[in-house]
Amino acid sequence: MASTKQFQVTFDCAEPERVARFWCEVLGYVLPPPPKGFATWGDFDRALPPERQGSAFACMDPSGVGPRLFFQRVPEGKVVKNRVHLDVRVGTGLVGEERLAALEAECARLVALGAIRVQLLTADADNESCLVMRDVEGNEFCLD
């Protein structure tokens, strides 16, 4: 039996391009090249039927290591907590005040991009500190 080698993470959202561009900034991701025959993603989007224009967007890890992120427009808004979320690993290997400083610095950068700080979860006997946040459409993620 073959094992899965690649996967993408898909976000349901109201504004795919806006959310995709936010996550590009968070993760250092880039936009994939437009489909063959189109100079830009805007050209491709304008070629779609009006009801499909702006309905999807994607971004990818420029190194090819991380998963592709796909953003698709859905009619309903977010109403409950995410069942799956991303952990943005900014404090790996750091502990105590050094870890908190790294989390706070990244939090400030992301708030400037439109993220919302929700809650600092301080270290306990089992876990290091992490920061719960929301992206530009309210999807939860953690700075870990």
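Analyst: Two strands are said to pair if DSSP finds at least two bridges between them, where strands (E, at least two residues) and helices (H or I, at least four) are DSSP runs numbered from the N terminus. The model is a predicted one, in which local features need pLDDT of at least 70 and side-chain atom pairs count only at pLDDT 80 or more, while totals for chains, interfaces and linings use all residues. Residues are numbered from 1 along each chain as its sequence is written, and side-chain values use heavy atoms, with hydrogens and water left out.

User: What pattern of helices and strands does the protein chain follow along the sequence?
Analyst: The secondary structure amounts to three helices and seven strands. Taken in sequence order, these elements give the pattern β-α-α-β-β-β-α-β-β-β.

User: What is the strand order of the open sheet of three strands?
Analyst: The pairing in this sheet is mixed, and its strands run in the order β1-β3-β2. Its edge strands, each of which pairs on one side only, are β1 and β2, and the twist from one strand to the next averages 20°. Between β2 and β3 the pairing is antiparallel over four bridges, with Cys 59 standing opposite Leu 69 of β3. Read across the sheet, the order is therefore β1-β3-β2.

User: Which residue stands opposite Asp 87?
Analyst: The open sheet of four strands has mixed pairing and the order β4-β7-β6-β5, with β4 and β5 (116-121) as its edge strands and a twist that averages 25° from one strand to the next. Within this sheet β4 and β7 pair in the parallel sense over three bridges. The residue of β7 that faces Asp 87 is Cys 142.

User: At about what angle does α1 run to β3, and what is covering its buried residues?
Analyst: Axes are lines fitted to C-alpha atoms, for helices over the stretch in contact, and angles run from 0 to 180 degrees between N-to-C directions; on this basis α1, which lies across β1, β2 and β3, runs at about 160° to β3. Buried means under 20% relative accessible area, exposed over 50% and partly exposed in between, with a 1.4 Å probe and protein chains only, and the buried residues of α1 are Pro 16, Val 19, Ala 20, Phe 22, Trp 23, Cys 24 and Val 26. Contact means heavy atoms within 4.5 Å, and what covers these residues includes β1 (8-13), β2 (56-59), β3 (68-73), β4 (86-88), α3 (96-112) and β7.

User: How many Å apart are the end C-alpha atoms of helix α1?
Analyst: The expected span of a helix is 1.5 Å times one less than its number of residues. Helix α1 has 12 residues (residues 16-27), so it should span 16 Å. Its end C-alpha atoms agree with that expectation, being apart by 16 Å.

User: How many residues apart in sequence are the parts that Trp 23 and Phe 141 tie together?
Analyst: Rings of Phe, Tyr and Trp (its six-membered ring) pair if their centres lie within 6.5 Å, with planes under 30 degrees apart counted as stacked, over 60 as edge-to-face and the rest as tilted; by this rule there are eight aromatic pairs. Trp 23 and Phe 141 form one that is edge-to-face, at 5.0 Å centre to centre and 70° between the planes. Since Trp 23 lies in helix α1 and Phe 141 in strand β7, the separation in sequence of the parts they join is 118 residues.

User: Why is the pair of Trp 41 and Phe 44 classed as it is?
Analyst: The ring centres of Trp 41 and Phe 44 are 5.6 Å apart. These residues are three places apart in helix α2 (residues 41-47), which means a separation of about one helical turn.

User: Is Asn 139 buried or exposed?
Analyst: Asn 139 lies in the loop between β6 (130-134) and β7 (140-143). Leaving aside neighbours within four places in sequence, Asn 139 is in contact with Phe 11, Lys 78, Asn 82, Met 133 and Arg 134. With a relative accessible area of 10%, Asn 139 is buried.
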